[in-house]
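Trainee: Shall we go through this model together? I would like to know what stands behind each label.

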Amino acid sequence: IDIDLDEINFLYELDKSTDSILILLRHQHKNLLGKLYKKKDIEKNNLMQVVKQEMEVTEIAEHPFLPTFYTLINNDKCILRITEFVQGESLYDSIR
């Protein structure tokens with residue numbers, strides 16, 4: 001999917017952690033999942049390496065049980081990783 005930030009509607013916040021916010025997005029009648037990292041929070045908590053590794057794994061991982069990675073939008077204030085939205089519980093909750 002070719003995604004431009006101007007074409008995305010931010011619907012609502014799904015979850016929040018110390019380093020990121022999960023957001024339900026809408027693009028051309030399709031729900032997507034956005035993971036928003038504020039760069040000041042990442043730097044303050046010394047998490048840049050962890051975030052980079054997470055993004056690298058997401059971009060190369062292809063498996064039927066993993067959401068599809070679509071794009072990464074990066075500017076001076078934040079990083080927005082956009083993936084397929086899958087309704088249901090989180091992978092973390094499923095594993096526990």
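Mentor: Start with Gln28, which lies in the loop between E2 and E3. Strands (E, at least two residues) and helices (H or I, at least four residues) are DSSP runs, numbered from the N terminus. Note that this is a predicted model: local features need pLDDT of at least 70, side-chain atom pairs count only at pLDDT 80 or more, and totals for chains, interfaces and linings use all residues. Residues are numbered from 1 along each chain as its sequence is written, and side-chain values use heavy atoms, with hydrogens and water left out.

Trainee: Why is Gln28 called exposed?

Mentor: Buried means under 20% relative accessible area, exposed means over 50%, and partly exposed is in between (1.4 Å probe, protein chains only). Gln28 has a relative accessible area of 60%, so Gln28 is exposed.

Trainee: What makes the backbone of Gln28 worth a note?

Mentor: Gln28 has a positive phi of about 45°, although Gln28 is not a glycine. The hairpin of E2 and E3 has two residues between the strands. His29 is also found in the loop between E2 and E3. His29 has a positive phi of about 65° and is not a glycine either.

Trainee: Is His29 buried or exposed?

Mentor: His29 has a relative accessible area of 74%, so His29 is exposed.

Trainee: How do you know that E2 and E3 pair?

Mentor: Two strands pair if DSSP finds at least two bridges between them. Strand E2 (residues 21-27) and strand E3 (residues 30-38) have seven bridges, in the antiparallel sense. Therefore they pair by that rule. Ile21 stands opposite Leu36 in E3.

Trainee: Which sense do E3 and E5 pair in?

Mentor: The antiparallel sense, over seven bridges; E5 covers residues 78-84. Gly34 stands opposite Ile82 in E5.

Trainee: What makes the contact of Glu54 with Lys35 a salt bridge?

Mentor: A salt bridge is a side-chain nitrogen of Lys or Arg within 4 Å of a carboxyl oxygen of Asp or Glu. The closest N and O atoms of Glu54 and Lys35 are 2.6 Å apart. That is within the limit, so the pair counts. Glu54 lies in helix H2 (residues 48-60) and Lys35 in strand E3, so the pair ties together parts that are 19 residues apart in sequence.

Trainee: How many salt bridges are there by this rule?

Mentor: Two. Glu54 also forms a salt bridge with Arg81, with the closest N and O atoms 2.9 Å apart. This pair links distant parts of the chain: Glu54 in helix H2 and Arg81 in strand E5, 27 residues apart. Salt bridges that share partners join Lys35, Glu54 and Arg81 into one network.

Trainee: Why is Arg81 called buried?

Mentor: The relative accessible area of Arg81 is 10%, so Arg81 is buried. Lys35, at 16%, counts as buried. Glu54, at 24%, counts as partly exposed.

Trainee: Which residues make the patch of positive charge on the surface?

Mentor: Lys16, Lys38, Lys40 and Lys44 gather there. A patch is made of residues with over 30% relative accessible area and no salt bridge: like charges are joined within 9 Å, nonpolar side chains (Val, Leu, Ile, Met, Phe, Trp, Tyr) within 5 Å. Lys and Arg count as positive and Asp and Glu as negative; His and the chain ends are not counted. The place of a charge is NZ of Lys, CZ of Arg, CG of Asp or CD of Glu. Lys40 is found in helix H1 (residues 39-44). At 60% relative accessibility, Lys40 counts as exposed.

Trainee: Which residues gather in the patch of negative charge?

Mentor: Asp2, Asp4, Asp6 and Glu7. Asp2 lies in the segment before E1. Asp2 has 69% relative accessibility, so Asp2 counts as exposed.

Trainee: What makes the nonpolar surface patch?

Mentor: Leu11, Tyr12 and Leu14 make a patch of about 290 Å². Accessible areas come from the Shrake-Rupley method with a 1.4 Å probe; for residues, only the protein chains shown count as cover. Tyr12 lies in strand E1 (residues 9-16).

Trainee: Why is Asn31 called partly exposed?

Mentor: Asn31 is at 27% relative accessibility, so Asn31 counts as partly exposed. The place of Asn31 is in strand E3. Asn31 and Glu43 are twelve residues apart in sequence and 30 Å apart in space, C-alpha to C-alpha.
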